[in-house]
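Reader: I am new to this structure and would like to know what stands behind the terms used for it. Please take me through them.

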Amino acid sequence: MCLAVPGQVKEIYESMGTRMGRVNFGGVVKEVCLAYLPEIAVGDYTIVHVGFAITKVDEESAHRTLETFREMGLLDEEFGPVN
Amino acid sequence: MKYLDEFRDGAMAQSLAREIRESATRKWAIMEVCGGQTHSIVRNGLDQLLDGAVEMIHGPGCPVCVTPLELIDKALAIASQPGVIFCSFGDMLRVPGSHHDLFRVKAEGGDVRVVYSPLDALQIARENPDREVVFFGIGFETTAPANAMAVHQGKLQDIANFSMLVSHVLVPPAIEAIMSSPRCRVQAFLAAGHVCSVMGYWQYYPLVERYKVPIVITGFEPLDLLEGIRRTVHLLEAGTPQVENAYERAVTFEGNQTAQKLLSEVFEVTDRSWRGIGEIPRSGWRLSDAYHDFDAEYRFSVSTIRAEESPICRSGEVLQGNLKPNECPGFGKECTPRHPLGATMVSTEGACAAYYNYGRFVSVDSIR
């Protein structure tokens with residue numbers, strides 16, 4: 001349960017008074033709460049844990065981590081198999 | 001080591017491992033605190049790769065594993081009540097309580113739902129105003145901002161049918177408890193990277209000062225772990241205990257201050273029992289007075305439930321690094337992932353389950 005996965009912010013919007021967004025995790029797009037990263041912008045990369053963006057991360061290391069997680073099968077474990 | 005050989009950065013990993021082995025003049029005992037790191041170390045065979053240079057001691061950093069038995073019993077009691085929708089992270093469903101688990105409650109007709117995020121539970125509460133919706137809020141500092149936000153929004157939006165059963169635990173007091181134990185063999189710690197993404201790493205300086213052990217903030221991927229271990233061994237060999245950040249890309253000194261602000265409003269520090277270990281002073285968070293109405297423990301009057309651990313399970317010694325999983329008499333016999341006696345066998349991030357799933361049935365020392 002403690003996995004945190006990097007992804008790219010594709011969209012930012014308000015929902016129920018909270019800053020939310022859609023984040024792309026190497027092909028899987030999920031709704032994520034962005035309230036804890038008030039500075040983050042569309043196109044930035046972030047590390048997400050249980051639906052919350054907790055820190056910003058650079059693009060290159062995000063891609064590297066995603067590739068490693070994919071090799072280790074962790075993305076499927078977290079989000080279910082991608083078709 | 002199968003996994004590491006197939007790993008894209010295998011050559012770099014081997015080179016880091018070689019450097020660690022060559023620089024270690026003795027076998028150092030290093031504890032990785034986080035269960036996610038334990039899983040990655042065992043899965044990728046990093047401990048075997050470094051055998052001789054370091055002994056990796058697997059710490060208590062799996063929230064599923066350390067959630068106390070009586071809290072599981074409280075969860076089971078709440079989830080069994082008619083009209084309740086009980087929401088949880090998936091890992092908690094198979095954790096054995098005194099008599100059964102959440103899967104059994106579900107099989108017997110209880111409305112137990114697995115959610116990805118605590119906000120999903122809040123949404124279920126909005127959609128079911130005539131039902132009580134309870135979220136099992138467990139975790140370390142990494143998960144706390146998510147749980148805090150769910151309760152905070154529940155209060156702001158006046159979602160009166162939502163509540164949370166909270167069992168939050170904190171890393172620094174656990175390190176303190178391990179270091180102050182007379183049986184402690186740990187000479188250095190890898191601190192959990194994402195805990196520090198939230199909390200920063202300023203709080204580790206007093207621990208280094210008091211116990212003279214290096215603490216290195218470390219990530220979760222094989223190369224991150226090897227780099228964290230490399231830096232730790234370097235500090236140990238030099239005899240210079242310090243805090244170092246080996247996970248700079250995701251961790252700053254201050255951490256996420258927006259998150260910390262809400263955490264300090266929603267939670268307050270409390271003494272907390274850790275499954276298999278016992279009570280550690282000031283080692284957890286509970287809901288603060290302002291959020292008392294959202295505390296499931298009071299809403300459902302389960303705060304008097306008490307429980308006793310299985311006499312066979314020695315997960316407490318495993319969690320403190322005094323026993324390797326495969327040295328427990330129950331390991332792989334009475335206790336397996338299908339029939340776990342303790343939570344360290346349940347969660348994939350538990351040391352016992354990691355050893356079982358990756359075929360560590362005998363200890364490294366007994367192979368030699």
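Reader: How many residues of domain 1 of chain B are in contact with residues of domain 3 of chain B?

Author: This is a predicted model. In it, 18 residues of domain 1 of chain B are in contact with 15 residues of domain 3 of chain B. A contact requires C-beta atoms within 7 Å. The centres of domain 1 and domain 3 of chain B, taken over C-alpha atoms, are separated by 20 Å.

Reader: What makes up the side of domain 1 of chain B that touches domain 3 of chain B?

Author: By class, that side of domain 1 of chain B has eight nonpolar, seven polar and three charged residues. The largest share, six residues, comes from α3(B). Both α3 (35-43) and β2 (54-61) of chain B supply at least two residues each.

Reader: Which stretches of chain B form its domains?

Author: Domain 1 of chain B takes 2-64 + 171-238, domain 2 takes 67-168 + 255-299, and domain 3 takes 315-360. These bounds come from an automatic or database domain assignment.

Reader: Why is chain B called as compact as a globular protein of its length?

Author: Chain B has 18 helices and eleven strands. Its radius of gyration is 21 Å, and the globule rule gives 21 Å for 368 residues, so chain B is as compact as a globular protein of that length. Its C-alpha atoms fill a box of roughly 65 × 45 × 40 Å along the principal axes. Buried residues account for 56% of the 368 residues in chain B.

Reader: What makes strand β5 of chain A mostly covered?

Author: A residue counts as buried if 20 or more other C-beta atoms lie within 10 Å of its own. In β5 (residues 52-57) of chain A, six of its six residues are buried, and the strand is thus mostly covered.

Methods
Residues numbered from 1 in each chain as written. Chains lettered and ligands numbered in written order. Predicted model: local features only at pLDDT ≥ 70, side-chain atom pairs only at ≥ 80, totals over all residues. Buried ≥ 20, exposed ≤ 12 C-beta atoms within 10 Å, placed from the backbone. Helix = DSSP H or I, 4+ residues; strand = E, 2+ residues; numbered from the N terminus. Rg over C-alpha atoms; globule rule 2.2 N^0.38 Å. Contact = placed C-beta atoms within 7 Å. Nonpolar A, V, L, I, M, F, W, Y, C, P; charged D, E, K, R; others polar.
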